[in-house]
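I opened my notebook to look up a few contacts and strands, one at a time. Come along and check each one against the coordinates.

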Amino acid sequence: MSFADKNCKTTTDYEADFDALNKAGGMGETKRVRTYAIVDDHYPDNQCQVASAILPAAKAKGFQVILGLSADTQTKFVSENQTLSSVLTSEYASTVYALTVGSESLYREVDACELLPRIDAVRTTFGNIVKRVGTVDSWNKFQDGTADPIITGNCEDKDPVPGVNFLLVNAFGYWQGQNINNATATYLDDLQQAIGHIQDLVGLNTVEIMNGETGWPGDGGSPYLAAEPSNENEETFFKTGVCTALALGLDVFYFEAFDEAWKPVSKSDTGVENDETHWGAFYDNRTPKFSLDCPTSG
């Protein structure tokens, strides 16, 4: 949500985004969004001030934001934390629902005990304004114990700190290479494994857990193993996977709200190119691809 045709989104752009989400409804009448960085430096010569642009828009339109701080390196984290200090004031206490430090940092092999002090620093700095502070990562990094130090606050050879009270768990049937007919079962099972491990560690009500990302690419996306992109499959996964998770009481962030034509082709670890410009529930002109209403049981 940072760019519009390689130009940084303004507060007015974000207001238009929120108006589109309001008009479309669905997903329990969406009133909460998340970001990935305080400053988006995807294009180094055109860095976008995400937090300072989106917060006034969210407040004006009655939305809450989970603000993400990029934290894969100490240098980037310090810059993000300093910038946020000039933006996040008590004026936005009811607008910022939570702060997340890092986005799939563990998946990119940042050590949990390296990330934990950054989370604790954010909690110390902004805890009087925002009560929920945590991180975001792939479901398997919670399931396999990689994230345990962050969940419990315990690292070897370091004084313990409080564990986090907020976690976003990312899970995609698509990136598991599943056929659309198997995608929902895989998605829900992955979430269950991750959430179950977290709750085994710290109990049922210690950490607020949400699904931080899930989705399916529409027409024009790249296939991945048995997963085929299409608007039809995207709608099918939304109606079955996303709506089932919502019905089970889990908050879900759909990846993503709008197609982003500005995104360059990405490459996987194996060198396979992936088009990530068609993952939106809306086209980039803010027109929905399908109804965002969930089926009702009769």
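Over the ring of which residue does the charged end of K59 sit? I found K59 over the ring of Y92, 5.8 Å from its centre. For this I took NZ of Lys or CZ of Arg within 6 Å of the ring centre and within 35 degrees of the ring normal. Under that rule R32 also turned up, its charged end over the ring of Y97 and 3.9 Å from the centre.

Before going on, a note on the ground rules: this is a predicted model, where local features need pLDDT of at least 70, side-chain atom pairs count only at pLDDT 80 or more, and totals for chains, interfaces and linings use all residues. Residues are numbered from 1 along each chain as its sequence is written, and side-chain values use heavy atoms, with hydrogens and water left out.

**Entry: K59 and its helix**

I stayed with K59 and looked for a salt bridge (a side-chain nitrogen of Lys or Arg within 4 Å of a carboxyl oxygen of Asp or Glu). K59 meets E91 in one, at 3.6 Å from N to O. E91 lies in the loop between α3 (74–87) and β7 (96–103) and K59 in helix α2, so the pair ties together parts 32 residues apart in sequence. I sorted accessibility as buried under 20% relative accessible area, exposed over 50% and partly exposed in between, with a 1.4 Å probe and protein chains only. K59 is partly exposed at 42%, and E91 is partly exposed at 43%.

Helices here are DSSP runs of H or I with at least four residues, strands are runs of E with at least two, and both are numbered from the N terminus. Helix α2 covers residues 50–61 and reaches 16 Å from its first C-alpha to its last, close to the expected 16 Å; the expected span is 1.5 Å times one less than the number of residues. I listed its buried residues as V50, A51, A53, I54, L55, A57 and A58. Just after α2, G62 takes a positive phi of about 75°.

**Entry: other salt bridges**

My search of the whole structure gave 16 salt bridges. One of them joins D17 and K9 at 2.7 Å, N to O. D17 is buried at 1% relative accessible area, and K9 is buried at 11%. K9, D17 and R286 are linked in a network of salt bridges. I also noted E260 with K263 at 3.3 Å; both residues are buried.

**Entry: strand β9**

Strand β9 spans residues 166–170, and five of its five residues are buried. F166, L168 and N170 point one way, L167 and V169 the other. In a regular strand the side chains alternate between the two faces of the sheet.

I counted strands as paired if DSSP finds at least two bridges between them. β8 (residues 133–138) runs parallel to β9 over five bridges, and β10 (residues 208–214) pairs with β9 in the parallel sense over five bridges. V169 stands opposite D137 and also opposite N211 in β10.

**Entry: aromatic rings**

Rings of Phe, Tyr and Trp (its six-membered ring) pair if their centres lie within 6.5 Å; planes under 30 degrees apart count as stacked, over 60 as edge-to-face and the rest as tilted. By this rule I got 15 aromatic pairs. W175 and Y224 form an edge-to-face pair, 5.1 Å centre to centre with 65° between the planes. W175 is in the loop between β9 and α7, and Y224 is in the loop between β10 and α8 (231–247), 49 residues apart.
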